Amino acid sequence: MSGYDTCTSGRVVVGVSGSLGSVTALRRAVAEARRRQAELWPVLAWEPPGGELAARRSPVPPPLAEEWQRTARERLLGLLGEVFGDAGPGVPLHGTVVRASPGLALVETADRDDDILVVGAGRRGWHRAFSGRVARYCLAHAHCPVLAIPPSPLEEELASAHRRNAWHLPLNVRKLPC
């Protein structure tokens, strides 16, 4: 599923997590890989519960760490299967699971000059203070071009519906598309 093969036309590295923003970034990364005739490297980063600092303070038994790694790999395969189906993305694919914080994992994977790093930019508005940290980290630390994909308009509509449901507000049917 992963490897560090050389490709004369570069790689498109994309962060995936299963969020709507990461799926939007993945789709854009596929289009970019096709355009550049490059390999697609979706990266799913994972950390132990409590983070690496907690794992260093009280070491995790190797079988448990292996289980978390396996679960992350299955999550990546499941996500790629949902997005691409059996047909695949139409470009060479090297899915990668990395034990690290997402920003660090992406920057370290996209370490070549001819790479391009694609990340979801996070939500807009005041929520950005709490989201978009991965994109900001990548923009600040990557040594290759970074393409930050804005959220899908659907993502804001879903967030709005979630807020409305959480506050038990009535649905305004006049605003529904015909």
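Arg-36 is partly exposed, its relative accessible area being 36%; partly exposed denotes the range between buried (under 20% relative accessible area) and exposed (over 50%), with a 1.4 Å probe and protein chains only. The model is predicted, so local features need pLDDT of at least 70 and side-chain atom pairs count only at pLDDT 80 or more, whereas totals for chains, interfaces and linings use all residues. Residues are numbered from 1 along each chain as its sequence is written, and side-chain values use heavy atoms, with hydrogens and water left out.

Side chains of opposite charge can pair when their charged atoms come close. A salt bridge is defined as a side-chain nitrogen of Lys or Arg within 4 Å of a carboxyl oxygen of Asp or Glu. Eight salt bridges were found in a search of the whole structure.

Arg-36 is joined by a salt bridge to Glu-32, with 2.8 Å between the closest N and O atoms. Both residues belong to helix 1, four residues apart, or about one turn of the helix; helices (H or I, at least four residues) and strands (E, at least two) are DSSP runs numbered from the N terminus. Glu-32 is buried, at 5% relative accessible area. Arg-28 also forms a salt bridge with Glu-32, the closest N and O atoms lying 4.0 Å apart. Because Arg-28 and Glu-32 are four residues apart in helix 1 (residues 20-36), about one helical turn separates them. A network of salt bridges links Arg-28, Glu-32, Arg-35 and Arg-36.

A further salt bridge connects Glu-52 with Arg-99, at 2.9 Å between the closest N and O atoms. This pair links distant parts of the chain, 47 residues apart: Glu-52 is in helix 2 (residues 51-57) and Arg-99 in strand 3 (residues 96-99).
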